[in-house]
Amino acid sequence: MTKDNKLQASPLLSFDFYLESYHRLLGNLKKEADLKKITYLLGEEISQENQSLIIKENYDALVVTDPDHSILWVNDGFIEMTGYRKNYALQKKPSFLQGKETSKTIKKEIREQLNAHHSFDGAVINYRKNGEPYLCHIKILPHYSPQKKLSCFIALEKELKAA
């Protein structure tokens, strides 16, 4: 209390800064955990370039597929974004998320780039388990074993919100 017996409120800016730092730290810890799980799954180191992208990129879901595009692993963000459980997604092709509004041109481009073992960077309309469409930015990276053989594809996915 002050001399005038009035309460003074101070802004909680420090708490805002704390929360911002906390969320950034939490996001970085999740990315590091995702990277460790992928490394364990593959039984080999991820290239420095792909590690750097996983740490730097802002993604909701992380999906790892085999060279034939069957899902080997998804992170927890995949569940939150799509509504599908991990066990449901395993061994399916990511195309199970596509539907009537998904561009045939984009689907063809993805297929061609992956068949040529190239990366893909673009947006696609996918569908949640409840049938709701959402626009998803996808960055797909090929990963090669130390023997220079295609080991898997790593997809970083971010839902694009309407403006």
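What follows is a short talk about ring pairs and their labels.

Mentor: Keep in mind that this is a predicted model, where local features need pLDDT of at least 70, side-chain atom pairs count only at pLDDT 80 or more, and totals for chains, interfaces and linings use all residues. Residues are numbered from 1 along each chain as its sequence is written, and side-chain values use heavy atoms, with hydrogens and water left out.

Trainee: What makes Tyr 88 and Phe 96 an edge-to-face pair?

Mentor: Rings of Phe, Tyr and Trp (its six-membered ring) pair if their centres lie within 6.5 Å; planes under 30 degrees apart are stacked, over 60 edge-to-face, the rest tilted. Here the centres are 5.8 Å apart and the planes sit at 70 degrees, so Tyr 88 and Phe 96 are edge-to-face.

Trainee: Why is Tyr 84 called buried?

Mentor: Buried means under 20% relative accessible area, exposed over 50%, and partly exposed in between (1.4 Å probe, protein chains only). Tyr 84 has 12%, so it's buried.

Trainee: And why does Phe 96 count as partly exposed?

Mentor: Its relative accessibility is 22%, so Phe 96 falls in the in-between class. Tyr 88 is partly exposed too, because its value is 41%.

Trainee: Which residues do ring pairs link into a cluster?

Mentor: Tyr 84, Tyr 88 and Phe 96.
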